[in-house]
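Here is a short briefing on one protein chain. Please keep the sequence and the 3D view open while reading.

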Amino acid sequence: MEKMSRVTTALGSSSITGRTMFCHLDAPANAISVCRDAAQVVVAGRNIFKIYALEEEQFVEKLNLRVGRKPSLNFSCADVMWHQMEENLLATAATNGAVVTWNLGKPSRNKQDQLFTEHKRTVNKVCFHPTEAYMLLSGSQDGFMKCFDLRKKESVSTFSGQSESVRDVQFSMKDYFTFAASFENGNVQLWDIRRPDRYERMFTAHTGPVFCCDWHPDDRGWLATGGRDKMVKVWDMTTNRAKEIYCVQTIASVARVKWRPEKKFHLATCSMMVDHNIYVWDIRRPFIPFATFEEHKDVTTGIVWRHQHDPHYLLSGSKDSTLYQHMFKDATRPVDKANPEGLCFGLMGDLAFAVNESLVSSDAGRKPYPGGDRRYPFFSFKKPNPTEQFAHVSSALSVFETDLDSSRMDWFVKTAQLYLLSGKPFTELCDHNATVAQELKRPQVRRVRTKIIIRITGTANLNVSAFSFSMKEMGPESRLERCKGESRPDNVHLDLTSFPENEETEGSDGPTEYMFGDAELDDDDLYPMEHDNQTVPEEPVYTLPPEAFQLRHEIIDNPSAPEHLQQDKADSPHVSGNEAEVACLTPIESFSLISISQPLYSPHLHASFFCPIVREMLSHYAERGDVQMAVSVLIVLGERIRKEIDDLTQEHWYMSYIDLLQRFELWNVSNDVIKLSTCSAITCLNQTSTTLHINCSNCKRPMSNKGWICDRCRQCASACAVCHHVVKGLFVWCQGCSHGGHLEHIMNWLKNNSHCPAGCGHLCEYT
């Protein structure tokens with residue numbers, strides 16, 4: 001057989017050469033893998049399965065493995081791996097649940113070698129043993145892992161994680177019998193291939209699915225994991241319990257993680273969505289990437305270092321149908337653009353300010369801060385030197401503490417606990433929440449909620465004459481409180497009646513204020529009166545009853561009402577000219593009974609007319625930092641206002657408010673907000689990992705029925721390991737050994753003991 005042409009390289013004699021280059025693919029790539037001598041790369045996806053040669057200046061297509069007029073689903077690949085010992089052997093994970101091996105040495109066009117169809121759902125990952133030529137491991141969406149001996153026609157071992165789908169499997173580079181598996185429920189399990197009945201160790205690595213894992217090529221005990229919680233964690237597996245030694249916070253879900261060759265503290269990551277870039281991190285500096293590759297225009301789906309001993313070349317495939325070779329010297333260094341100064345507010349209002357030491361060295365006369373001079377040394381980032389190490393420059397951190405009484409957040413906690421967001425009619429919710437705001441001494445919030453009732457609902461057209469009262473007998477404050485407390489009828493009409501006899505006018509030299517209904521309205525709440533050069537509606541307005549009040553002396557030099565209102569009153573058959581004149585010229589301060597006989601707003605205006613005003617108001621509160629106000633009003637108003645605010649803004653408000661609630665440990669309120677949200681990105685926050693798999697504490701088999709009696713060993717699975725009685729209430733158990741019991745009993749046991757109370761010898765972990 002004529003072998004495929006290869007570029008022979010040997011790192012011992014001549015290093016790999018090349019440049020940053022790319023080629024266009026026929027379809028998006030799902031995974032890539034490189035051969036042992038770093039001369040060729042295989043690209044696999046739903047509609048592509050090709051091998052490319054890595055030449056000096058370009059990629060050259062060498063072989064298309066998708067043959068036939070109608071390729072089967074076996075060619076639809078979710079993952080691919082090139083054997084690092086056998087140069088002609090490939091393995092793919094198919095989306096139809098098949099595991100396929102390919103022999104490139106076959107003389108025929110179809111290179112398919114063996115087909116394993118034991119998985120019931122999509123196979124997410126395949127992995128060859130690093131030193132054993134015929135051993136292949138697979139992990140599937142069905143929750144099982146299978147080990148295949150390529151000399152046989154079926155799997156030799158099946159490993160059940162008793163959990164949700166398996167997202168990644170990786171053989172240890174240093175331990176012959178060990179492999180790691182990551183799951184969608186956030187757990188990572190370590191298995192011995194000689195013992196398929198039970199894992200050796202399990203620990204919870206992430207809050208949410210763990211999408212990837214990778215063993216360190218040099219350090220035997222280091223395992224890197226990445227998950228949907230946007231974190232990369234490095235675990236030390238040499239201790240009795242898995243110990244997290246490093247943690248890197250990224251900006252998106254981590255889909256792939258690969259250690260950088262010859263660099264102990266460097267690893268590369270790419271995201272599953274949103275972020276298209278590839279990042280190389282120094283895990284000792286987790287807050288900013290060491291290097292960034294920004295060439296891809298869509299999500300990066302696969303990354304691999306070109307050679308296991310060369311740290312300078314990285315290969316990547318993407319959904320943008322491109323294949324790239326990145327030279328490390330061409331990477332973007334975010335450190336060069338980083339601002340060495342920092343400013344941050346704490347939860348209680350403390351201010352932290354970081355600045356270079358040289359800028360604050362001459363501050364001998366600085367006034368000390370309350371509670372002492374709290375300054376902490378730290379390191380800011382500078383341009384890395386040629387040895388690819390971060391420069392360490394000493395800087396100072398100053399913390400400005402605030403008065404605790406002035407920065408207390410008790411009002412936020414009480415408001416979140418007392419607010420009603422659902423379960424009652426709209427007006428009752430607003431009234432209740434307005435009362436809560438008033439009791440917590442937040443009158444501005446109360447007034448806003450009152451205006452929302454007036455503007456959004458039909459209660460703007462209410463009749464205040466039903467609760468007329470004497471304003472002369474009430475002070476200004478009591479008037480306002482009385483007005484706020486009254487209920488609002490359906491129609492608002494304005495009649496100026498019951499002027500007291502022989503009462504002097506209370507006008508002033510300044511502008512006169514008018515009061516409508518039961519509260520003061522802003523200028524923009526009223527429509528301007530039409531003057532005599534405008535068309536006046538024909539319907540009668542401001543009509544007076546025939547015996548409204550007795551005649552008074554004439555009042556002059558006071559604001560006059562519009563002429564058309566004077567004309568209407570002068571034409572009334574029941575009111576004399578003098579009466580009409582007096583009624584029109586008397587300001588609000590001169591009468592003590594308010595009754596409204598004209599709608600404040602035109603009856604033809606729909607509630608949606610005021611939605612832009614409410615939208616601007618909510619944006620104003622959110623920009624001021626009061627997302628509690630914005631989110632609570634958004635939930636209570638529901639569909640009345642939701643369409644006026646774009647989904648991205650709503651999601652930002654919800655996430656900010658939920659973050660604050662969780663910081664104050666208001667878990668129930670946070671969950672209620674998530675449930676009442678209509679943003680798809682928010683409602684899914686409390687829907688992750690809701691499946692609970694239960695094992696019998698006696699036989700260790702999964703519970704298949706709905707009761708507490710195991711159908712295999714016929715024993716009660718909920719017996720307390722301390723008191724040996726059946727647990728009828730709250731039951732707590734260890735996920736490692738499945739033993740547990742009453743919460744109080746287990747807590748008391750763990751105060752003096754670290755091993756399982758059932759006597760199995762397991763070091764139980766509880767969170």
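How many aromatic pairs does the structure hold? The structure holds 21 aromatic pairs. The model is a predicted one. The chain has 14 helices and 36 strands. Of its 767 residues, 47% count as buried. Take contacts between residues at least 6 apart in sequence: 53% of them join residues at least 24 apart.

**Aromatic pairs**

- A pair of aromatic rings is described by two values, the distance of the centres and the angle of the planes.
- The rings of F22 and Y324 have centres 5.0 Å apart and planes at 20 degrees. This pair is stacked, because planes under 30 degrees apart count as stacked.
- F22 lies in strand β1 (residues 21-24) and Y324 in strand β28 (residues 322-327). The pair therefore ties together parts that are 302 residues apart in sequence.
- F22 counts as partly exposed, at 41% relative accessibility. Y324 is buried, with a relative accessible area of 11%.
- W222 and W259 have ring centres 6.2 Å apart and planes at 35 degrees, so this pair is tilted.
- W222 sits in strand β19 (residues 222-227) and W259 in strand β22 (residues 254-259). The two are 37 residues apart, and their pair links distant parts of the chain.
- Both W222 and W259 are buried.
- F159, F171, F179, W191 and Y199 are linked into a cluster by ring pairs.

**Charges over rings**

- Y199, a member of that ring cluster, also has the charged end of R198 over its ring. The distance from R198 to the ring centre is 5.2 Å.
- R306 lies over the face of Y313. Here the distance to the ring centre is 5.7 Å.

**Nonpolar cores**

- The largest nonpolar core has 42 residues. Those with the most contacts inside it are W653, Y654, Y657, L661 and V673.
- Seven helices are named as suppliers of at least two residues each to this core: α2 (410-418), α3 (426-439), α4 (443-456), α8 (611-623), α9 (627-637), α11 (647-663) and α12 (667-676).
- Which helix gives the most to this core? It is α9, with 9 residues.
- Y657 touches F412, A416, V627, Q628, V631 and V673, not counting residues up to four places away in sequence.
- A second, separate core has 28 residues. Among them are V99, M135, L137 and C147.

**Helix α2**

- F412, V413, T415 and A416 are the buried residues of α2. They cover an arc of only 165 degrees around the axis, which puts them on the same side of α2.
- An α-helix has 3.6 residues a turn, so residues three or four places apart point the same way.
- The buried residues of α2 pack against α9, α11 and α12.
- Two of the buried residues of α2, F412 and A416, are also touched by Y657.

**Helix α12**

- V669, S670, V673 and I674 are buried in α12. Seen down the helix axis, the buried residues fall within an arc of 140 degrees, so they line one face of α12.
- On the other side of α12, W667, N668 and K675 are exposed.
- What covers the buried residues of α12 includes α2, α9, α11 and α13 (680-683).
- V673 is one of these buried residues.

**Cysteines**

- How many disulfides does a search of the whole structure find? The search finds 0.
- C147 is buried, with a relative accessible area of 5%. C147 is included in the second core.
- C430 counts as buried too, at 3% relative accessibility.

**A buried loop residue**

- Is T95 buried or exposed? T95 has a relative accessible area of 19% and is buried, because the cut-off is under 20%.
- T95 is found in the loop between β7 (89-94) and β8 (99-103).
- T95 is in contact with R46, S76, A78 and T122, leaving aside neighbours within four places in sequence.

Technical notes. Residues numbered from 1 in each chain as written. Predicted model: local features only at pLDDT ≥ 70, side-chain atom pairs only at ≥ 80, totals over all residues. Heavy atoms only, no water. Helix = DSSP H or I, 4+ residues; strand = E, 2+ residues; numbered from the N terminus. Buried < 20%, exposed > 50% of the residue type's maximum accessible area, 1.4 Å probe, protein only. Contact = heavy atoms within 4.5 Å. Core = buried A, V, L, I, M, F, W, Y, C linked by side-chain atoms within 4.5 Å. Disulfide = S-S within 2.5 Å. Arc of directions from axis to C-beta. Phe/Tyr/Trp six-rings, centres within 6.5 Å; stacked < 30°, edge-to-face > 60°. Lys NZ or Arg CZ within 6 Å of the ring centre and 35° of its normal.
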